[in-house]
Amino acid sequence: MKRTELPLKYRKKFDNIPYIVVATTCPDGSPWNTPVASFHFADDLTIYWASWTENQHSRNIRHNSKAFIVIFDSTPANRKPSTGLYLDTVAMELTDKNEVMIAAKVFGNDPYNPSDGREYLGNKPRRIYKSTPQKIWINTDSKVNDDFVDVRKLIFES
């Protein structure tokens, strides 16, 4: 799926939300959830971010490539529910120099990651992480027996 194929209201989420929440699994099986700042989407909805290699989520991704990402606006007025995007992904630490250089271009002029890619190679402490969506859902309102429920609607599956 291309980013441009998403309805406009969901594309705006990608552009206007400053954090994603990345859920991973520790080697002992316990869950780990991390807010990640300064993420970027490529046109094919691949998500890129830079992190220290020793952060727990970075170590978890090296152990198990499954990651679940949630994007939502946590600041709606009057506590009105916000539409979220839920992404079942395969994540990886980029180690190939060419892939790192290409991914760094996705960052553009990001003030947190101003680099041509060299900052994420060799003995540098951070790496670029790539997460490829396998499925994407949105939350939507529904009713069961006249009671409100929050349900997920699948909008993409690879």
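Is Lys130 buried or exposed in this structure? With a relative accessible area of 19%, Lys130 is buried, where buried denotes under 20% relative accessible area, exposed over 50%, and partly exposed the range in between (1.4 Å probe, protein chains only). The structure is a predicted model, in which local features require pLDDT of at least 70 and side-chain atom pairs count only at pLDDT 80 or more, whereas totals for chains, interfaces and linings use all residues. Residues are numbered from 1 along each chain as its sequence is written, and side-chain values use heavy atoms, with hydrogens and water left out.

The protein contains three helices and eight strands; helices (H or I, at least four residues) and strands (E, at least two) are DSSP runs numbered from the N terminus. From the N terminus on, the order of the elements is α-β-β-β-β-α-β-β-α-β-β. Of the 158 residues, 40% count as buried. The protein exposes about 9400 Å², of which carbon and sulfur atoms supply 50%; accessible areas come from the Shrake-Rupley method with a 1.4 Å probe, and for residues only the protein chains shown count as cover. Among contacts (heavy atoms within 4.5 Å) between residues at least 6 apart in sequence, 58% join residues at least 24 apart.

Strand S1 (residues 19-25) has side chains that alternate between two faces. Strands are taken to pair if DSSP finds at least two bridges between them. S1 pairs with strand S2 (residues 31-37) in the antiparallel sense over seven bridges, and Ala23 stands opposite Asn33 in S2. Five residues lie between the strands in the hairpin of S1 and S2, where Gly29 takes a positive phi near 95 degrees. S1 is also joined by three bridges to strand S5 (residues 66-71), again in an antiparallel arrangement; here Ala23 stands opposite Phe68.

A search of the whole structure finds three aromatic pairs. Rings of Phe, Tyr and Trp (its six-membered ring) pair if their centres lie within 6.5 Å; planes under 30 degrees apart count as stacked, over 60 as edge-to-face and the rest as tilted. One of the pairs, formed by Phe39 and Phe41, is edge-to-face, at 5.4 Å centre to centre with 85 degrees between the planes. Both Phe39 and Phe41 are buried.

Six salt bridges are counted, each defined as a side-chain nitrogen of Lys or Arg within 4 Å of a carboxyl oxygen of Asp or Glu. The side chains of Arg62 and Glu93 form one of them (2.9 Å, N to O). Arg62 lies in helix H2 (residues 56-63) and Glu93 in strand S6 (residues 85-93), so this pair ties together parts that are 31 residues apart in sequence. Arg62 is partly exposed, with a relative accessible area of 42%, whereas Glu93, at 16%, counts as buried. Lys130 meets Glu99 in a further salt bridge (3.3 Å, N to O). This pair links distant parts of the chain, with Lys130 in strand S7 (residues 126-144) and Glu99 in helix H3 (residues 97-106), 31 residues apart. Glu99 is partly exposed at 29% relative accessibility. Salt bridges that share partners join Glu54, Arg59, Arg62 and Glu93 into one network.
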